[in-house]
Amino acid sequence: MKPQVSPEPLIFEISRPGRCAVALPELDVPPADLPQEFLRDDLPLPEVSEVDLIRHYTHLSQMNYAVDTVFYPLGSCTMKYNPKINEEMARLPGFVHLHPYQDEGTVQGALALMFFLQEFLKEIGGFAAVSLQPAAGAHGELTGVLIMRAWQCHRGQSHRDVILVPDSAHGTNPASTTMSGLRVVEVPSDDRGNVDLKALEAACREHGDRLVGMMLTNPNTLGLFDEHLEEIVALIHEHGGLMYGDGANMNALLGIARPGDLGFDVLHYNLHKTFSTPHGGGGPGSGPVGVSAELADFLPGPIVVIDPERSAENSPFFTFYYPPKSIGRVKAFYGHFGIMVRAYTYIRMMGPEGLRRVAEDAVLNANYLKSRIQHVYHVPYNRTCMHEFVCEGRFPDAPDVRALDISKRLIDYGFHPPTNYFPLIVREALMIEPTETESKETLDAFADALLRIAEEARTNPQLLHEAPHNAPVRRVDEVRAAKELILRYQP
Ligand SMILES: *Cc1c(COP(=O)(O)O)cnc(C)c1O
């Protein structure tokens, strides 16, 4: 296997006095000086030719890992291939040139798309109503928790302020709960990776009258379907709480099980994960929220509905609707419309059968990959997994090797590393999500690389400690890189 990333260092300083990449037409206005107060001496303008410029940026773009170039098994993130037709549809001039202040009557096509996307998501999740406003999954969580809290206040239970969150939860779950002003109470997992029922009963006894509800990811971040889901839902409802579903893992359920039918009252969808719109790098996402009929009046508006008065036969008129007890807007205008176009396109291209096949293949791929490596990489909660699984990145006979070393070495083999050190309940966690869009050959190549690395861990651990050897950037201080992000080239 040969490394896929060029080891050549990128030469940044290619400016040469007098070179120029553009030929401007002759001036037909009097020349004016550049405003000196805005010019910075420490940032000289580069002088480069057109070919220098193109090579520089093309080279830079090739240094990034991307789903379009490599396998990207980043657990919990659902880095599936994003079909290019999504992009084509999102770039249709009729969508691109819309203005958010346009009159409803002039944007009926866009409203129809939003309306039908709401309908599809209702059907897929088993919910009575959907708002497309939230900007991402975590924002959907915040929205959902605010809706739950508003519902509790509406029925005279404003003293309720506790949300139960399992210890296997995604970091955004306690974070969004805390941001909503509520209290997080953590519930431990049992030895099969489920929510510990005894502990949940105890938490309900202790906090029952203060319970707003529970936030649960199912399948959870171990990639496991909770075996006691019915009991959990019943227990929370018995204590006057609501069930929030973190729907980031819908890729395991599409067309097979509907969270609304399983007892969840609120759920967010990650359009940018399950419904194949590009994500990562801080670009726009979309985290619509679906709710049961009882909570529909609390959703953030605007929601797109059909106005019967202005509709003619076979020609519905779409309009905006603001639910009467709404928690209010959570986003400017209508949410991230471009992402909605992509998700709508994906759903239409797949159709109901195709969506079900997504979940079936995602689960099959994860179980296949697990079966190929589990004799070498210990899987602590080892039962049939859903769309992802978590193994330990450590070996009893190579004590110095850590999950991070394994991940960095994978880069040398041309693969994006899996998610590291999450969920926290697995030591040296490697969380692997292959998604449905990968072939058996890719899965085998990845498994082979992992098995080779396990051998290297024993025979030449230094190789792993010093990896990656072929990437343009070696090891960085990841905490500092996140907290003190330096985005500008500094000569
Ligand atoms: C990705 C993810 C989230 C957060 O979603 P964002 O869209 O990144 O805000 C929440 N929970 C789980 C399990 C996730 O994987």
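Tyr 322 is found in the loop between strand S9 (318-321) and helix H11 (337-373); helices (H or I, at least four residues) and strands (E, at least two) are DSSP runs, numbered from the N terminus. The model is predicted: local features need pLDDT of at least 70, side-chain atom pairs count only at pLDDT 80 or more, and totals for chains, interfaces and linings use all residues. Residues are numbered from 1 along each chain as its sequence is written, and side-chain values use heavy atoms, with hydrogens and water left out.

Tyr 322 counts as partly exposed because its relative accessibility is 45%; buried means under 20% relative accessible area, exposed over 50%, and partly exposed in between (1.4 Å probe, protein chains only). Not counting residues up to four places away in sequence, Tyr 322 touches Gly 301, Pro 302 and Arg 329, where contact means heavy atoms within 4.5 Å. With Arg 329 there is a polar contact between the two side chains, at 3.3 Å. A polar contact is a pair of N or O atoms within 3.5 Å; within protein, one must be able to donate a hydrogen and the other to accept it, and residues adjacent in sequence count only if both atoms are side-chain atoms.

## The sheet and its helices

An open sheet of mixed pairing is formed by seven strands in the order S1-S7-S6-S5-S4-S2-S3; two strands pair if DSSP finds at least two bridges between them. Strand S1 (129-131) and strand S3 (183-187) are the edge strands, each pairing on one side only. Strands S4 (residues 211-217) and S5 (residues 242-247) run parallel and are joined by five bridges. Leu 216 has Gly 245 in S5 as its bridge partner.

Helix H8 (residues 229-238) lies across strand S2 (162-166), S4 and S5, at about 135 degrees to S5. Axes are lines fitted to C-alpha atoms, for helices over the stretch in contact, and angles run from 0 to 180 degrees between N-to-C directions.

## Nonpolar cores

The largest nonpolar core has 56 residues, of which Leu 117, Leu 121, Leu 164, Leu 200, Met 214, Ile 236 and Phe 275 touch the most other members. Helix H11 gives the most to this core, with eleven residues. A nonpolar core is a set of buried Ala, Val, Leu, Ile, Met, Phe, Trp, Tyr and Cys residues joined through side-chain atoms within 4.5 Å.

Leaving aside neighbours within four places in sequence, the contacts of Ile 236 include Leu 164, Leu 200 and Met 214.
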